[in-house]
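Subject: Structure handover

Hi,

Here is the structure you asked about. Please open it alongside this email.

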Amino acid sequence: MEERGGAGQEAGSWQYRVDSYGFERPEDFDYVTYEEFFSRYLVILTRRAIKWSKLLKGKNSIQKSLKVKRYIRKGIPNEHRALIWMVVSGAQANMEQNPGYYHKLLEGEKNYKLLEAIRTDMNRTFPDNIQFRKTADPCLQQTLYNVLVAYGHHNKAVGYCQGMNFVAGYLILITKNEEESFWLLDALIGRILPDFYSPEMMGLKMDQEVLGELVKMKVPAVAELMDRHGVMWTLVMSRWFICLFIDILPVETVLRIWDCLFYEGSKILFRVALTLIKQHQASILEATNFPDICDKFKEITKGMFVTECHTFMEKIFTEPGSLSMATINKLRETCRAKLLAQG
Amino acid sequence: MAPDRKQKKELWASQTVPALVQRALCKLCSPLKKEKTQPQQFCLSEILARLLAVMLVGDSGVGKTCLLVRFKDGAFLAGSFISTVGIDFRNKVLNVDGVKVKLQIWDTAGQERFRSVTHAYYRDAHALLLLYDVANKASFDNIQAWLTEIHEYAQQDVVLMLLGNKADSTQDRVVKREDGEKLAKEYGVPFMETSAKSGLNVDLAFMAIAKELKHRSMKLPNEPKFKLHDYVKKEVRGTGCCKS
């Protein structure tokens, strides 16, 4: 489990451990509690893996259905994750319809300013991941650079937005394939999260406002607290939404959220945020001033509640209650109009 | 819908430090004058402790997060920093001449498109540290644009300081200290060079603004006026071994 076998068991080598994705664990990482969780989770993973094998029967395709949706909510096994993300997001179809397109982008003429912006973030993307180190072989930094450069030239309206480096980095870690990462990034930025990363960031701002409205409906005391102290949602939410919970929640939990993000769309981000807020309502309400509120929003993303990814994913579909697409669309419309009016 | 901007502005404005401290002082002087909602005893340090917001701004990659981490934890670990997305925040309590001052420091993403997300917070900031990288000419050239932005969105009396960061870079340096000084003088802004790597002037930068804010909020009758410019000039250290 998690590269913890063999030589790793020796005394003194507990620190500097890395997880199965290459991320170094912090020195104060609680191995005992994590082991305890993971041994339980392993049982679930095994059961899901068997179910998925039966579902796929060795095929490389899948039709969207209620059953598949249910399966995805319960987690895609790591060995199928890249394929399922590719298929359900439409990235696979786009890639097949545009053979050679990715490489043409890399060979084409370059926007120097864009390259510079991307380069600035190369050493600042997952320095805690051994695969992204300059000394790693293969070094994923070059892969990341290529994906971001290609994307910036493919979607010129977006170009490069900080945060995309982390998102693309995760895609590379999961797919281990440059071109697939590119098409998945396109699915996210071009379709699933429209206008999140563009210069005006209207989609992001709109959804932050929508979240504010949803909190008002579902956890009014917290909304009132934020109001009273003048804390705008963008202060606590922009990182959550732009990084799609990377570096906010544990890796395994983020991947489970992304499973649903690729299948069900951006609504899942509201579910996650609302669950975190609702679950920790009592704690948040203890805050009596602006900085404390900010701190609370950092605290609520830590601990066993978010580490236990399977239980957490069950919670996000129950805790916030119903969240119809009609409600969200209506809120989006009003929030957008309001933002446009503000200029 | 969320409360409109004006409401929020008033909300925050209503709790600015000077107003609160004045009220507190008022109450200490005339304890008989009753105000129902306020407790009888006011601890000045507590009032200050929660209200000073400092914002770090400047181009992407100039070292805002590094500066903050150096100040907060006294550490600099090369290659351990990640690019800041949106806005991040950390708290630090400083002891300024015997008064505890709690700084809430907002670390912002430098990329231009994030400005529309972050400038909503300019007006809530009591102090701004504007950074450029002495090894990056473009970041220096952009300072004017940043100042325009600050002028447009920040409070008029915001405490502002210009910092030329990465002063430890000797070979890569492209912006001379005199250039920074000249620009700062032009805009009447205090200036110093800093290095998050070596620690040069990092604590001083935060201490200077904390002192200024403290003095502004507690104008005691017999105290001489605190002069930020003079203080910075006196305390600042050069990149060499001697005081500049």
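Predicted model: local features only at pLDDT ≥ 70, side-chain atom pairs only at ≥ 80, totals over all residues.

An unreviewed entry lists "domain: Rab-GAP TBC" at residues 75-265 of chain A. That span is 68% helix and 0% strand.

Now two helix pairs in chain A.

Start with α6(A), residues 112-122, and α7(A), residues 140-154. Their axes are 10 Å apart, at an angle of about 150°. Angles over 145 degrees count as roughly antiparallel, so α6(A) and α7(A) are roughly antiparallel. The crossing is right-handed. From α6(A), the contact uses L114(A), L115(A), I118(A) and M122(A). Facing them in α7(A) are Q141(A), Y145(A), L148(A), V149(A) and G152(A). By class, this contact has 7 nonpolar residues, 2 polar and no charged.

The second pair is α10(A) with α19(A). Their axes come within 9 Å and cross at roughly 115°. This crossing is right-handed. α10(A) brings M202(A), K205(A), M206(A), E209(A), V210(A) and E213(A). α19(A) answers with I328(A), L331(A), R332(A), C335(A), R336(A), K338(A) and L339(A). The class count is 7 nonpolar, no polar and 6 charged.

Last, the contact between chains. Here 31 residues of chain A touch 28 residues of chain B. Which elements of chain A give two or more residues to that side? They are α6, α10 (202-218), α12 (233-242), α16 (290-299) and α19 (325-342) of chain A. α12(A) gives the most, with 6 residues. The chain A side holds 11 nonpolar, 12 polar and 8 charged residues.

One point to take away when you look at the model: α6(A), α10(A) and α19(A) are among the elements on the side that touches chain B. α6(A) also packs against α7(A), and α10(A) also meets α19(A).

Best wishes

How values were computed
Residues numbered from 1 in each chain as written. Chains lettered and ligands numbered in written order. Axes fitted to C-alpha atoms, helices over the stretch in contact; angles between N-to-C directions. Helix = DSSP H or I, 4+ residues; strand = E, 2+ residues; numbered from the N terminus. Parallel < 35°, antiparallel > 145°, perpendicular 65-115°, else oblique. Left-handed = near helix turned anticlockwise from the far one by under 90°. Contact = placed C-beta atoms within 7 Å. Nonpolar A, V, L, I, M, F, W, Y, C, P; charged D, E, K, R; others polar. UniProt positions renumbered as here; feature names shortened; annotations may be inferred.
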